[in-house]
Amino acid sequence: MRISDIQRCEVRPGRLVEWTFSPATVAAATALPPDPRPPAYIQESHIRTARAVREDGLFVPTWLGTAFDLPGRADLDALEEALRGWTLRHETLRSGFRWVGDDMHRFTLDANDVTLHREVVGDFADAEVLTRYLQDRFDVAADALDWPNLIYAAVVRDDSTSVYMAFDHTNVDAYSLQLTSNEIHGLYTSGVTGRPVTGTPVGSYVDFCRHERANADGIDDTHAIVARWREFIARCDGRLPEFPVDLGLQPGGALPAQKLMCEPLVDADTAAAFEAHCRPYGGSLVGILAATSLIVHELGGQPVYRTVVPFHTRLKSEWSDSVGWYVGGAPIEVPAARDFDGALATVRAELRANRSLARIPLARVLRLLGADFRPTSPDMYSIVSYVDARLTPGSAGWSEQKTYGLIRVSYGDQVCAWVSRLHEGLWFACRYPDTEAAYKNVRRYAEKLRDLIASVPASDHMRAAQPELL
């Protein structure tokens, strides 16, 4: 799906309806005993960082969401039942945390205690006014430091109904959002037509958290993974890596506001040709990282491109369709290469050597290293992510259904870029500090990335056309 923000996801006027957990559900949660299953390290790190930023006096919304259309004027009873059924399918959505001293304790509602409260907010004739309302509403309703921290909404019109769903990041990752629209469509269609839903149960992210944390707590500071991170961070001058170009930031300055850049990168044919060139080295992920290493060396002059590559941690089939935050990170180091193929070979070798490091949460590693990096910034490091979303169920209909993955752009001092392979081609989205230097360099990065991707297939064609020298 196209990654965007609420301002650029085709919000249109209509009657706004909202669903939140009912007062009875919230009351039931307050009386729950602790759930012994702990938070994932990534959940705990996210919430602690949000608390530190809030205590410094800055409200930094970090919710994620999705937007998509249903045909015609939706049957709100059927849609409500679809939303509730989907919520019950994914246990993390009815699980939260409360503080006991400085410790986070989980609580989890029984499915029978979960009901939704529907409210008709009113009619909005102006798309801009509606957009502002939705963003402000989601900021409050999907707050990392509150619970419940999710909200569902629909904008109803005669010709179509737009569904919006927003969640604190502790509940979802980007792939969770990709799965959501197809599941809701299926449940809604079942409710309208009376045909049963076909599908299999999914594993619980809450169970995954217990499993992953037990595994992570089984290592100590002598483990090889910890040693590798220690060496990597030392070569980053004792920090986690930033995007190695001038962002116009002052050391120790206030957390800057951010902007979002999102746009098509190349069409489907060019994306396919790029993938074909990169396939012997591991595919387009390797290609995007290799291209980035060449471009940032040109823009920033650093002799080595160091970054943390995000990887999913859905290592068992039971979690493949589960909603949750299944993401780890692996460090790579790419010295400046003479050409693109040289960079491809280096990135492939780095990923092969280091991908397994993503199985141990970085927050656990940092704790073992005795370090707590960037506790007052929502992003610990900059990323460049690549995802091929074409095999996601329902992806062929995303364009027609106006399906978007939503990110909240607020404050942050890092560059986070996402390249998505869609049926239409490659889509680029990037969150960056709102400075003149950052805009200029991110703009140059995007343009050079587009040019390099397009030039690789062209160079392949030219080589194929050359006669062989005997």
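Biologist: By class, how is the lining of the second largest cavity made up?
Modeller: The model is predicted: local features need pLDDT of at least 70, side-chain atom pairs count only at pLDDT 80 or more, and totals for chains, interfaces and linings use all residues. Numbering starts from 1 along each chain as its sequence is written, and side-chain values use heavy atoms, without hydrogens and water. Ala, Val, Leu, Ile, Met, Phe, Trp, Tyr, Cys and Pro count as nonpolar, Asp, Glu, Lys and Arg as charged, and the others, Gly among them, as polar. On that scheme the lining of the second largest cavity has 10 nonpolar, 3 polar and no charged residues.

Biologist: Which element gives the largest share of that lining?
Modeller: Helices (H or I, at least four residues) and strands (E, at least two) are DSSP runs, numbered from the N terminus. α9, β10 (304-312) and β11 (327-335) each supply at least two residues of the lining of the second largest cavity. The largest share, 4 residues, comes from α9.

Biologist: Which helix gives the most to the lining of the largest cavity?
Modeller: The largest cavity has a volume of about 150 Å³. It is lined by 17 residues, with H46, A50, V60, T62 and A144 nearest its centre. They divide into 10 nonpolar, 3 polar and 4 charged. With 5 residues, the most comes from helix α2 (residues 41-55).

Biologist: Which residues lie nearest the centre of the second largest pocket?
Modeller: This pocket holds about 860 Å³ of space. Its lining divides into 16 nonpolar, 8 polar and 9 charged residues. Of the 33 lining residues, the nearest to the centre are R239, E242, F243, R374 and D413.

Biologist: Are α8 and α9 roughly parallel or roughly perpendicular to each other?
Modeller: Axes are lines fitted to C-alpha atoms, for helices over the stretch in contact, and angles run from 0 to 180 degrees between N-to-C directions. The axes of α8 (residues 268-278) and α9 (residues 284-300) come within 8 Å and cross at roughly 90 degrees. Angles under 35 degrees count as roughly parallel, over 145 as roughly antiparallel, 65 to 115 as roughly perpendicular and the rest as oblique. Therefore α8 and α9 are roughly perpendicular.

Biologist: How are α3 and α5 set relative to each other?
Modeller: Helix α3 (residues 76-89) and helix α5 (residues 174-193) pack at an angle of about 130 degrees, with their axes 8 Å apart. The two helices are therefore oblique.

Biologist: Which residue does a cis peptide bond join to W147?
Modeller: Most peptide bonds are trans. Here omega is about 0 degrees.

Notes:
On a 1 Å grid over the protein atoms alone, a cavity is a set of points where a 1.4 Å probe fits but cannot get out, and a pocket is an open set with protein on both sides within 12 Å along at least five of seven lines; lining residues have an atom within 4 Å of a point. Grid points are joined across faces, edges and corners, and a volume is the space filled by probe spheres set on the points.
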